[in-house]
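Please look over the sequence and the structure first.

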Amino acid sequence: MQGHRPTLLAVSLALVACAGELREPATPVLPPTTVATPAPASCEPAPAPAPTARERRRRERGPTDGNFVFSHFSAGVFSTILIQPATYWVATRVGETGHGLGPAVGALVLGAFLPPILNYTVQWAVGRSIAPGRDRFWPGFLVNQVSHLGIFIGAVVGGADFRNLGHATAIVLGEAFLNSGLATMTAELTRRPRAATAATATTVIVPVLEFKF
């Protein structure tokens with residue numbers, strides 16, 4: 001047995017070496033990974049924002065009427081060019097009659113309040129003939145009156161001579177375009193809402209025949 005000991009030892013070492021080569025290496029176990037799936041996109045559109053009070057009033061008033069605006073403004077310009085010199089001439093004649101403060105005060109009152117009444121009445125009448133019931137009288141008239149008072153008081157305080165052709169022409173043309181434009185803009189912005197058109201119901205009569213036997 002002693003002679004075979006080296007042989008057995010060599011065979012044992014060979015078997016151990018083979019067993020080590022055949023053994024598979026242990027693979028590390030990885031923890032399961034979770035993949036986040038994206039949420040499906042919603043196909044519904046985003047809700048439209050609620051209209052503001054200003055937008056609701058604008059929709060109720062309806063679109064701008066170009067024919068009304070042009071006619072209203074043109075009537076104001078031409079009426080001012082024709083009426084304003086006549087009213088200033090009447091006011092000047094009143095101021096020159098008599099003595100004391102009475103005629104002067106009367107002339108100032110006529111020059112301050114008569115032109116807007118006549119001018120805007122013409123504007124309003126023309127606009128009413130184009131679009132009946134579209135604009136209100138008082139908003140445009142008050143704007144015309146305030147604008148005229150500012151120009152008239154400035155001219156009187158500044159020493160303008162209404163009998164001077166140059167002074168009178170400048171004042172009349174300035175008021176014709178400025179006052180008429182402001183009055184037309186006010187009339188358009190404060191116009192009445194559109195009348196809601198009621199749907200007409202259609203009645204259909206179906207005859208029914210009854211047979212008795």
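**Helix packing in a predicted model**

The crossing of α4 and α5 is right-handed (a crossing is right-handed if the near helix is turned clockwise from the far one by less than a right angle, and left-handed if anticlockwise). The model is predicted: local features need pLDDT of at least 70, side-chain atom pairs count only at pLDDT 80 or more, and totals for chains, interfaces and linings use all residues. Residues are numbered from 1 along each chain as its sequence is written, and side-chain values use heavy atoms, with hydrogens and water left out.

**The α4–α5 pair**

- The two helices, α4 and α5, pack at an angle of about 145° with their axes 9 Å apart (axes are lines fitted to C-alpha atoms over the stretch in contact, and angles run from 0 to 180 degrees between N-to-C directions).
- From α4 the contact takes in L108, G111, A112, F113, P115, P116, I117, Y120, T121, Q123 and W124; from α5 it takes in F137, G140, F141, N144, Q145, H148, L149, F152 and V156. Contact means heavy atoms within 4.5 Å.
- By class, this contact of α4 with α5 has 13 nonpolar, seven polar and no charged residues (Ala, Val, Leu, Ile, Met, Phe, Trp, Tyr, Cys and Pro count as nonpolar, Asp, Glu, Lys and Arg as charged, and the others, Gly among them, as polar).

**Helix α5**

- Buried residues in α5 are G140, F141, N144, Q145, S147, H148, F152 and A155 (buried means under 20% relative accessible area, with a 1.4 Å probe and protein chains only).
- These buried residues of α5 pack against α3 (66-96), α4 (101-130) and α6 (165-189).

**H72**

- H72 is placed in helix α3, and it counts as buried because its relative accessibility is 0%.
- Apart from neighbours within four places in sequence, H72 is in contact with Y120, Q123, W124, G127, D135, A183, T184 and A187.

**The chain as a whole**

- The chain has six helices and zero strands (DSSP runs, H or I of at least four residues for helices and E of at least two for strands, numbered from the N terminus).
- Of the 213 residues in the chain, 24% are buried.
- Among contacts between residues at least 6 apart in sequence, 79% join residues at least 24 apart.

Note on methods
Buried means under 20% relative accessible area, exposed over 50%, partly exposed in between (1.4 Å probe, protein chains only).
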